[in-house]
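Here's a quick tour of one protein model, put together for someone new to reading structures. Take a look at it, then work through the points below.

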Amino acid sequence: MLCTDNILLYILLLPIFGAILILFTPGSQIKTIRTIALASSMLTLVVSLFLWIWFDKSTAKFQFVNELLWIPSSNINFVLGIDGISLFFVLLTTLILPLCILASWGSIQVHVKEYMIAFLVMESMLIAVFCVLDLLLFYVFFESVLIPMFIIIGLWGSRERKVRAAYMFFMYTLLGSVLMLLGIIFIYFQVGTTDITILMTSQFEPFHQKVLWLAFFASFASKVPMLPVHIWLPEAHVEAPTAGSVILASILLKLGTYGFLRFSLPMFPVASIYFTPFVYTMAALAVVYTSLTAIRQTDMKRIIAYSSVAHMNLVLIGIFSFNIPGIEGAILQSLSHGFVSGALFLCVGVIYDRHHTRMIKYYGGLVHTMPIFATLFLFFTMANIALPGTSSFVGEFLILVGAFKANTTITFLGATGMVLGGGYSLWLYNRVAFGNIKLQYTSHFTDMNKREFLVFAPLAFGTLFMGVYPEVFLDPIHMSVNNLVNQVMLSY
């Protein structure tokens with residue numbers, strides 16, 4: 001039996017051990033390298049499921065806490081722990097990584113060793129971001145994630161502009177975080193520690209809260225991303241390999257919303273409420289603008305990328321509603337977006353591997369030759385527009401219920417994203433799946449193989465299960481969200 005005190009440490013270290021094994025494996029043994037990467041990521045997933053099984057739903061306290069001394073003289077220690085808010089982000093990370101490795105099984109043929117190491121190291125860093133309970137170490141891992149992602153886009157990207165896209169991704173997200181580092185240093189000198197559990201109970205002056213909130217906002221907004229710092233995302237998605245796009249959409253975009261939930265709201269409640277009209281305005285504009293922009297795109301990845309910006313800004317509207325339905329809906333929608341958006345990028349990857357283009361004009365009539373693919377693509381397209389019975393419907397409904405209590409105008413603008421989403425999603429599906437087969441462009445007709453179907457199966461199950469029975473997901477997060485809302489309202 002695993003020791004519950006150290007389970008987070010095991011989950012954190014398992015991908016690192018896999019990366020070390022691959023490091024000492026000859027680069028010519030490609031099958032062995034892929035097997036080690038898949039086995040270590042699958043083992044990480046299995047161990048992480050025990051977090052859900054053993055999680056105590058009756059408390060808002062951090063669980064599975066593990067403390068290691070790092071710089072004890074400066075009161076900075078390596079502390080791991082999760083609550084209801086971070087639980088499912090960890091599980092989403094451990095689920096998506098083995099799927100990314102499976103999706104790359106045949107498409108990545110060069111520098112396979114380095115590719116797998118980059119993914120495993122990134123998995124470990126992402127888990128650390130969602131688990132670490134020290135603000136300075138959170139910043140370290142928060143920024144460290146950029147390095148393997150930068151390498152993945154720059155080395156294994158699909159077109160000539162991949163290096164430019166990698167630099168755009170790196171610079172936009174790094175520059176925003178410089179202000180957050182200055183804010184962390186200020187907090188350290190004010191409180192004398194960067195321990196999150198202590199900072200949650202610390203009271204900052206209203207003026208200091210506003211300045212610190214803006215410093216943290218600069219970092220989190222570029223990760224979400226919000227207008228006008230969203231332009232790196234479509235560029236990065238288009239140039240990244242399929243698995244890179246999947247992990248970017250499913251996990252990396254959640255770092256921004258997680259940062260707002262973990263730090264901005266509980267630590268700076270006065271400033272969070274003060275800046276709510278600003279966040280609402282920017283998020284509502286992003287939902288409408290990016291949805292309209294998605295309609296006129298000709299590259300399939302760009303459509304899904306702009307769709308991701310719209311969905312993540314809707315999540316922000318839920319977070320800043322400051323009520324339980326809104327925040328719970330935001331967390332569920334973040335998880336749902338991880339399933340659905342990741343699956344849509346995988347759908348694009350399936351046909352790109354066969355026909356080596358993502359331009360919509362070259363496709364048509366795939367339902368006749370790839371019926372299994374067309375069925376799955378339709379399912380995830382419907383999930384993307386929040387069809388009742390799918391996970392997105394539950395998340396978006398709760399967000400709109402929470403936002404309606406706070407601001408009806410913003411709720412209306414947020415809801416237009418669902419209508420526009422139906423427009424660009426169904427139009428994309430119609431052009432790719434139906435109509436006449438374009439024989440002059442698509443000559444290699446083969447439906448999905450067993451490996452590809454296996455990648456989609458858990459995402460389809462998760463999307464359907466959350467849509468039909470969301471209580472399983474809502475129960476563990478309820479106490480933590482309730483505690484967060486009370487904390488914000490009492491401090492204000």
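Which residues of α14 are buried? They are T276, V279, Y280, M282, A283, A284, A286, V287, T290, S291, T293 and A294. Keep in mind that this is a predicted model.

**Helix α14**
- Helix α14 covers residues 276-295, and its end C-alpha atoms sit 29 Å apart.
- That agrees with the 28 Å you'd expect, because 20 residues are counted at 1.5 Å a residue, with the span taken as 1.5 Å times one less than the number of residues.
- What do the buried residues of α14 pack against? Their partners are α9 (206-223), α13 (269-274), α15 (300-319), α19 (391-406) and α20 (408-433).

- Pick out L179, for example: its place is in helix α7, which runs over residues 162-191.
- Why does L179 count as partly exposed? Its relative accessibility is 43%, and partly exposed means the range between under 20% (buried) and over 50% (exposed).
- If you're wondering about spacing along a helix, an α-helix has 3.6 residues a turn, so residues three or four places apart point the same way.

**Aromatic pairs**
- The structure holds 40 aromatic pairs.
- One of them joins F89 and Y258 edge-to-face, with 5.7 Å centre to centre and 70° between the planes.
- This pair links distant parts of the chain: F89 is in helix α3 (residues 84-103) and Y258 is in helix α12 (residues 254-267), 169 residues apart.
- Both F89 and Y258 are buried.

**Salt bridges**
- There are six salt bridges in the structure.
- K223 and E143 meet through their side chains at 3.9 Å, N to O. K223 lies in helix α9 and E143 in helix α5 (residues 135-144), so this bridge ties together parts that are 80 residues apart in sequence. K223 and E143 are both buried.
- E235 pairs with R302, their closest N and O atoms being 3.2 Å apart. Here helix α10 (residues 232-239) supplies E235 and helix α15 supplies R302, so parts 67 residues apart in sequence are tied together. E235 and R302 are buried too, and R164 joins them in a network of salt bridges.
- E452 and R354 form a salt bridge at 2.9 Å, N to O. E452 is in helix α21 (residues 450-468) and R354 in helix α16 (residues 324-355), so the pair connects parts 98 residues apart in sequence. Both E452 and R354 are buried.

Key:
Residues numbered from 1 in each chain as written. Heavy atoms only, no water. Helix = DSSP H or I, 4+ residues; strand = E, 2+ residues; numbered from the N terminus. Buried < 20%, exposed > 50% of the residue type's maximum accessible area, 1.4 Å probe, protein only. Contact = heavy atoms within 4.5 Å. Phe/Tyr/Trp six-rings, centres within 6.5 Å; stacked < 30°, edge-to-face > 60°. Salt bridge = Lys/Arg side-chain N within 4 Å of Asp/Glu carboxyl O.
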